[in-house]
Amino acid sequence: MEKIGIIGLGNMGEAILKALIKAGYKTEDIAFYELKKERVAYIEGLYRVFSADSPEGLAKESRYLIVAVKPQDARQTLIEIAPYIDEKNVIISIMAGIKISNILSVFHRPIKIIRAMPNICAKVGEAATGIAAGKGIEDEELKDTKEIFSCLGSVIEVGEELMDAITALAGSGPAFFLFFLEAMIDAGVKMGIPREKSKAMSIQVIKGTLKMLEEEDVHPSILREMVTSPGGTTITGLTHLEKKAFKGSIITAIEKAAKRAGELSSWL
Ligand SMILES: NC(=O)c1ccc[n+]([C@@H]2O[C@H](COP(=O)([O-])OP(=O)(O)OC[C@H]3O[C@@H](n4cnc5c(N)ncnc54)[C@H](OP(=O)(O)O)[C@@H]3O)[C@@H](O)[C@H]2O)c1
């Protein structure tokens, strides 16, 4: 595969870089550009990957250019690289909410764009990434992009109209899940379990449940029914959650997050 460039080496940029190196991509086949001087020194020192002199330099040397800046920095960043992008480049945007049509509006000409939405679990090689290809993307380019993001975890291809939903489900998903975990830990504390013990136990409950789900390969409701005995403790707790519309609240929260992702396109 030809050279991969990353513009914006913050949380996600670094997670992608680290995953690529771990997967065996050669450091000389990766380049980056980042505004913060101290980040540049840190990245160069830790990963032995070298910064391009300018956005222009990065665009010229990278076949695949991953744009990993915040959506509010999208316009300025795209304006800087626009003159140097031609038919050999593929822009891979991981920016939440920014649509392919928004990016095209900065370029004023057809260019190749792929949207990818990984999540923070990329840091441990367990991201869930949604990918949507824009017009003119060739099979080989899509294959290369899937290969890049499979270094971070699993990859699912969807139509672009589903990218806001993917952003909410996969991008914000870890935060929703952690919020639930926090509540479990607090419940243990409320009933007198020391915080550290409650935390260790709650995390193990989640880990064990996920492992069972994976190994038994069944729908969550089947496993949940298995631990819901007649007249028992679990059905008593679940009844309360049903009364409080637990599932409905989560569905609405994820829908609202998706709506918000759609609104971020106004930043470009
Ligand atoms: N974090 C997540 O879980 C997650 C998941 C999926 C997708 N994303 C997307 O990933 C993108 C990056 O998120 P992040 O959390 O990694 O943000 P971040 O930590 O703020 O990293 C972005 C970096 O890019 C730099 N930058 C800004 N403009 C630049 C330019 N023109 N040229 C070069 N570097 C530039 C920023 O420097 P300054 O701070 O000095 O501006 C910053 O160091 C966002 O668009 C977000 O929507 C994030």
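In this predicted model, R115 stands opposite A132 in strand β6, a pairing of positions that opens the way into the sheet. Strand β5, which covers residues 112-117, and strand β6, which covers residues 127-133, pair in the antiparallel sense, and four bridges join them. As a rule, strands of a sheet pair through backbone hydrogen bonds, and they do so either parallel or antiparallel.

Taken as a whole, the sheet is open and has seven strands, which follow one another in the order β2-β1-β3-β4-β5-β6-β7, with mixed pairing. At its edges lie β2 (30-33) and β7 (153-157), each of which pairs on one side only. Neighbouring strands of this sheet are turned against each other by 25 degrees on average, if direction is ignored.

In one of them, helix α7 (residues 163-171) packs with helix α12 (residues 246-263) at an angle of about 125 degrees, and their axes are 8 Å apart. Because angles from 65 to 115 degrees count as roughly perpendicular and those over 145 as roughly antiparallel, this angle makes α7 oblique to α12. The crossing in which α7 passes α12 is right-handed. On the side of α7 the contact is made by D164, A165, T167, A168 and L169, and on the side of α12 by I254, A257, A258, A261 and G262. By class, this contact of α7 with α12 has seven nonpolar, two polar and one charged residues.

In the other pair, helix α8 (residues 173-190) and helix α9 (residues 195-216) pack at an angle of about 135 degrees, with axes that are 8 Å apart. That angle makes α8 oblique to α9, and the crossing in which α8 passes α9 is right-handed. Here L181, M184, I185, G188 and V189 of α8 meet R195, S198, K199, M201, S202 and I206 of α9. The contact of α8 with α9 has, by class, six nonpolar, three polar and two charged residues.

Conventions:
Residues numbered from 1 in each chain as written. Predicted model: local features only at pLDDT ≥ 70, side-chain atom pairs only at ≥ 80, totals over all residues. Pairing = 2+ DSSP bridges. Helix = DSSP H or I, 4+ residues; strand = E, 2+ residues; numbered from the N terminus. Axes fitted to C-alpha atoms, helices over the stretch in contact; angles between N-to-C directions. Parallel < 35°, antiparallel > 145°, perpendicular 65-115°, else oblique. Left-handed = near helix turned anticlockwise from the far one by under 90°. Contact = placed C-beta atoms within 7 Å. Nonpolar A, V, L, I, M, F, W, Y, C, P; charged D, E, K, R; others polar.
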